[in-house]
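Here is a colleague's note to read beside the model. Keep the structure open and find each residue as it comes up.

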Amino acid sequence: MTTKTTWPVARVLRDREAGLYLCGVVVSGFGTSALWLASGVWVKDLTGSDGLAALCLLAMWLPTLAGPLLGTLADRGRRRPLLIGVNLLLGALLLALVYVDAPGDLWLLYAVLCVYGAAGVVHDAAESALVATAVEPSLLGDFNGLRTTATEGMKLLAPLAGAGLYAAHGGAGVALLDAATFVLAAGLYALPRVREETPAPPAGSRRRRSAEGVRHLWADPVLRPLVLAGGATMLCAGLNGAMVYAVVDGLGHSPAYTGVLYAVQGGGSVAVGLLSGPALRHLGARRFAASGIVVLALAVALRAVPSDPVALVCGAAIGMGLPAVLIATLTSVQRRTPGALLGRVTATAHTLVFTPNVAGLAAGAALVELVDHRLVLVVLGAALLVPAAALCAPGAGTGAVPHR
């Protein structure tokens, strides 16, 4: 197989396995994004409560806290059958939502969303491990960049489709759509020709096996600073996200204008996903991540300027800067982790990186009522330079890829 083509789309799609896995990501991501929007609207329509609607997002995120434990499931057997089974399970599980049509049925919706989130942790860990096995190592950065492009692209399209389907057929219609996407994704995951060896029977307790993922991340001189910088960045990103309605108020627009800012941000993420493969090869993981964080820091601070053009440029820059540290971290985890540990290490890294985002959103929701949002944004911009500087420190590791 030739790898001389530098355009990442061509590099990935010429690889049959990479292309099939990317299609699976697009299909399942479309359904997930549609359900993410529709579930909150569904609860709001049934109860009129903003708080109960917000619990939908919490129910989907909460299982991430158990990432180190759930990740062990991805290392106990072959990953492709697990991926197929998880997708079919989710497809069947979502059918239960057709019975939700009154406030008294919301317990079923929350339960399904919680299981959905837990299965998603296992799914992401198994997918990351399988991709690292099936995709040529030189294509991993390109694949993860295009994965981001596909995911963000679905966030632009799927909510509109989900909103339209919800208006026409209610939440049950969106649930059926999501179920169909998981069945289709299961079929796509069954197509790649991957030779997986059956892993050895697990040794030790589940707690001990979970701790192995944490120990591996902490001991690796490249992964540790990347994960710590990713967590710090996502904490600040959560705080920044909570300021978006205050930013819109400062611009003199209605809350609906947030949709424009999110769309521009999504466009920036699509762009950086296309460029991340060459950037990783040229800069290395930590310099690519640090560059993205610096772009994010400048954009967050400049959001304090009450100007529409500045806000739109900052939105695109946030979309470009934020994914850099996430792509660099995931690619480095795949390259620097033994296959037998990859499921739990991936899940642990996701927990350490993404959980602070939820904490940031919660803290920002309280802070925006107490402090001028412009001051918060400037302080956040300055704070983001700290993890960027830490990645540039000599002790942060070189970003070189070891032989596996």
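1. **Salt bridges.** Searching the whole structure turns up 6 salt bridges. A salt bridge here is a side-chain nitrogen of Lys or Arg within 4 Å of a carboxyl oxygen of Asp or Glu. Side chains of opposite charge can pair when their charged atoms come close. The model is predicted: local features need pLDDT of at least 70, side-chain atom pairs count only at pLDDT 80 or more, and totals for chains, interfaces and linings use all residues. Residues are numbered from 1 along each chain as its sequence is written, and side-chain values use heavy atoms, with hydrogens and water left out.

2. **Arg-147 and Glu-127.** These two side chains form a salt bridge, with 2.6 Å from N to O. The pair links distant parts of the chain: Arg-147 is in helix H7 and Glu-127 in helix H6, 20 residues apart. Helices (H or I, at least four residues) and strands (E, at least two) are DSSP runs, numbered from the N terminus. Is Glu-127 buried or exposed? Glu-127 is buried, because its relative accessible area is 3%. The cut-offs are these: buried is under 20% relative accessible area, exposed is over 50%, and partly exposed is in between (1.4 Å probe, protein chains only). Asp-124 joins in too: Asp-124, Glu-127 and Arg-147 are linked in a network of salt bridges.

3. **Arg-281 and Asp-142.** Here the closest N and O atoms of the salt bridge are 2.9 Å apart. Arg-281 lies in helix H11 (residues 258-283) and Asp-142 in helix H7, so the pair ties together parts 139 residues apart in sequence. Compare the two ends. Arg-281 is partly exposed, at 42% relative accessibility. Asp-142 is buried, at 0%.

4. **Arg-374 and Asp-372.** This salt bridge has its closest N and O atoms 2.7 Å apart. Arg-374 has a relative accessible area of 40%, so it counts as partly exposed. Asp-372 is also partly exposed, at 35%.

5. **Aromatic pairs.** How many aromatic pairs are there? The count comes to 2. Rings of Phe, Tyr and Trp (its six-membered ring) pair if their centres lie within 6.5 Å; planes under 30 degrees apart count as stacked, over 60 as edge-to-face and the rest as tilted. Tyr-21 and Tyr-189 make a tilted pair, 5.9 Å centre to centre with 35° between the planes. Tyr-21 is in helix H2 (residues 16-47) and Tyr-189 in helix H7 (residues 140-189), 168 residues apart. Both Tyr-21 and Tyr-189 are buried. Tyr-116 and Phe-182 form an edge-to-face pair, 5.7 Å centre to centre with 80° between the planes. Tyr-116 lies in helix H6 (residues 106-134) and Phe-182 in helix H7, so this pair ties together parts 66 residues apart in sequence. Tyr-116 is buried at 5% relative accessibility, and Phe-182 is buried at 4%.

6. **Buried residues in helices.** Look at Gly-213, in helix H8 (residues 206-219). Gly-213 counts as buried because its relative accessible area is 0%. Leaving out residues up to four places away in sequence, Gly-213 touches Arg-344, Val-345 and Thr-348. Contact means heavy atoms within 4.5 Å. Thr-346 lies in helix H14 (residues 342-367). Thr-346 is buried as well, at 0%. Beyond its neighbours within four places in sequence, Thr-346 contacts Asp-124, Ala-125, Ser-128, Leu-330 and Val-333.

7. **A surface patch.** Which residues make the nonpolar surface patch of about 410 Å²? They are Leu-52, Leu-55, Leu-58, Leu-62 and Leu-65. Leu-65 sits in the loop between helix H3 (50-61) and helix H4 (67-70). Leu-65 counts as exposed because its relative accessibility is 53%. Patches are made of residues with over 30% relative accessible area and no salt bridge: like charges are joined within 9 Å, nonpolar side chains (Val, Leu, Ile, Met, Phe, Trp, Tyr) within 5 Å. Accessible areas come from the Shrake-Rupley method with a 1.4 Å probe; for residues, only the protein chains shown count as cover.

8. **The whole protein.** The protein has 15 helices and 0 strands. Of its 404 residues, 51% count as buried. Among contacts with a separation of 6 or more, 84% come from residues 24 or more positions apart.
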